[in-house]
2 protein chains.
Amino acid sequence: MTAPTIQGVYETVLYAPDVPAAARFYRDVLGLLPHGAPDDAAWKFRLPSGAMLLLFDAQESSEAGRSVPAHGCTGQGHIAFHVKDIEAWREALRAHGVTIEHEHTWAPGGRSLYVRDPAGNSVEFVQGEVWA
Amino acid sequence: MTAPTIQGVYETVLYAPDVPAAARFYRDVLGLLPHGAPDDAAWKFRLPSGAMLLLFDAQESSEAGRSVPAHGCTGQGHIAFHVKDIEAWREALRAHGVTIEHEHTWAPGGRSLYVRDPAGNSVEFVQGEVWA
């Protein structure tokens, strides 16, 4: 038995009242790869890093009696993605008609663009290091 | 300019009404490394993968007029961590008096342990592959 350590985040979850509408943003604008069969309550995306982004209907996922523990949040969540070329993202977002809500240059030199997904979640694109 | 691609998740956020109480669980039970100066509204953890886990007070982070876009959720969120030795985690959780809410063996061979953090968020430890 080895010392218990955390390697990294395997699943990050965002919630949306209309999962397919939000999921289309992650698939069509962000270019993420849907994993498995999507349905109205859950879409799953496999990222190049191997980690998963899960998009859930909180009303469904918070129901008791599921095969796995219940969870579900309301409100505007947040996720930040690590990207290589933030200027390419600025162009791609513009081409898709997505409004850039905010831009930020951080002390360690990293830069961020912020947009909203269709559910109102705050989606950040980060190039470089943000956390000093 | 290169084609816009997502590398992976840089920041995953969980919310807690009592951030320091929840943060102590991630620091003391999960062994995560706090990053920067914590305060009552936000703790940040740097994972071995380089990604960040952020623990926020949703009431504070959802206030308008912050230097970055507002976000904040209520309810029980979910995160899954990738681990190397799930049996070591079972022992460590038991030693800390943390109740294992659920165990799951998945079709692709991966295994999961589920616990709750002090804020009620569903925290999953995953060894191996869960998503076929």
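## Before we start

Residues count from 1 along each chain as its sequence is written, while chains are lettered from A and ligands numbered from 1 in the order in which they are written. Since this is a predicted model, local features need pLDDT of at least 70 and side-chain atom pairs count only at pLDDT 80 or more, while totals for chains, interfaces and linings use all residues.

Let's begin with an open, mixed sheet of 8 strands: S2(A)-S3(A)-S4(A)-S1(A)-S6(B)-S9(B)-S8(B)-S7(B). Strands (E, at least two residues) and helices (H or I, at least four) are DSSP runs numbered from the N terminus, and two strands pair if DSSP finds at least two bridges between them. S2 (33-34) of chain A and S7 (102-105) of chain B sit at the edges with a single partner strand each, so one side of each has no neighbour in the sheet.

S2(A) runs antiparallel to S3 (42-46) of chain A, joined by 2 bridges. Here Pro34(A) faces Phe45(A) in S3(A).

## The other sheet

The other open sheet also has mixed pairing, in the order S7(A)-S8(A)-S9(A)-S6(A)-S1(B)-S4(B)-S3(B)-S2(B). Where do the chains meet? S6 (78-83) of chain A pairs with S1 (6-15) of chain B, antiparallel over 5 bridges, and Phe81(A) is opposite Val9(B) in S1(B).

Helix H3 (86-95) of chain A lies across S6, S8 (111-116) and S9 (122-127) of chain A, at about 20 degrees to S8(A). Contact means C-beta atoms, placed from the backbone, within 7 Å; axes are lines fitted to C-alpha atoms, for helices over the stretch in contact, with angles from 0 to 180 degrees between N-to-C directions.

Terms used:
Contact = placed C-beta atoms within 7 Å.
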